[in-house]
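Trainee: Could you walk me through some of the terms used for this structure?
Mentor: Gladly, let us look together.

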Amino acid sequence: MTQTAHPSASPGKQMLSEQVYALLRDAIMRGDYSPGDALKPQDIAKEQGVSLAVVREALVRVVGEGLADRLPNRGFAVPAFSDRRWQEIAEARRTIEPVVLRMSIERGDVDWEARVRAAHHRLARTPAYVPEEGEYYSGAWSEAHRVFHRTLLEGCGNPVLLETFDRMWTASELARRWSAHRNPDRDGVAEHRRLEEAALARDADTAAKVLAQHLTLTAAGLTGCDYLQAAEEA
């Protein structure tokens, strides 16, 4: 007798879970939850009018993206500023990305140069903040920022290295927003301009140094240390 396989979740439940996941992700990114805040499944389920199972499924996805922690016997919470992972991610990025940028500058062709220039132009022309999206970076700016940094590295021609960049970028997005919010006087516009100029001048030494400083400033912004001094030491 042939048995029909049953899906693990109904389409309706999957759709609700996707909606709750998107709401939670956006709320954390906007800063509706502060670092260390509890994410209580019962409260979220009541607010959204869905089951606990739907909320837990959504929370597991948020945890998978590094936007929340699953705490033993304590449920879920937004990570804290002091979480060691942010410094570990920053260390990994400072170790890998300047090396990939050097490769990109060495191997990139004229088309790569044009893409870098276009990506920087879009980033420079996109408002970093819009009132309706809260106090953190806007979605449009965040995407333009990601594209600029990725385009700088794409000249390396190595998809494995670019996939590594993609994973680290996603893992560090929340820390990047927190850092910018805590250090509003930081001149990110000038940092990105220097990155573009060094890359297009094919000055690998300067480009790698500027990128390492850029990443150091973001990490230092979370620890409360003198981030200008940290950049000089990078």
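Mentor: Rings of Phe, Tyr and Trp (its six-membered ring) pair if their centres lie within 6.5 Å; planes under 30 degrees apart count as stacked, over 60 as edge-to-face and the rest as tilted. This is a predicted model, where local features need pLDDT of at least 70, side-chain atom pairs count only at pLDDT 80 or more, and totals for chains, interfaces and linings use all residues. Residues are numbered from 1 along each chain as its sequence is written, and side-chain values use heavy atoms, leaving out hydrogens and water.

Trainee: What makes Y129 and Y137 a stacked pair?
Mentor: Their centres are 5.4 Å apart with 25° between the planes; the limits are 6.5 Å and 30 degrees, so the pair counts as stacked.

Trainee: How do you know whether Y137 is buried or exposed?
Mentor: Buried means under 20% relative accessible area, exposed over 50%, and partly exposed in between (1.4 Å probe, protein chains only). Y137 has 15%, so it is buried. W141, at 8%, is therefore buried, whereas Y129, at 43%, is partly exposed.

Trainee: Which residues does F148 contact, beyond its neighbours within four places in sequence?
Mentor: Among them are V116, L123 and L195; contact means heavy atoms within 4.5 Å.
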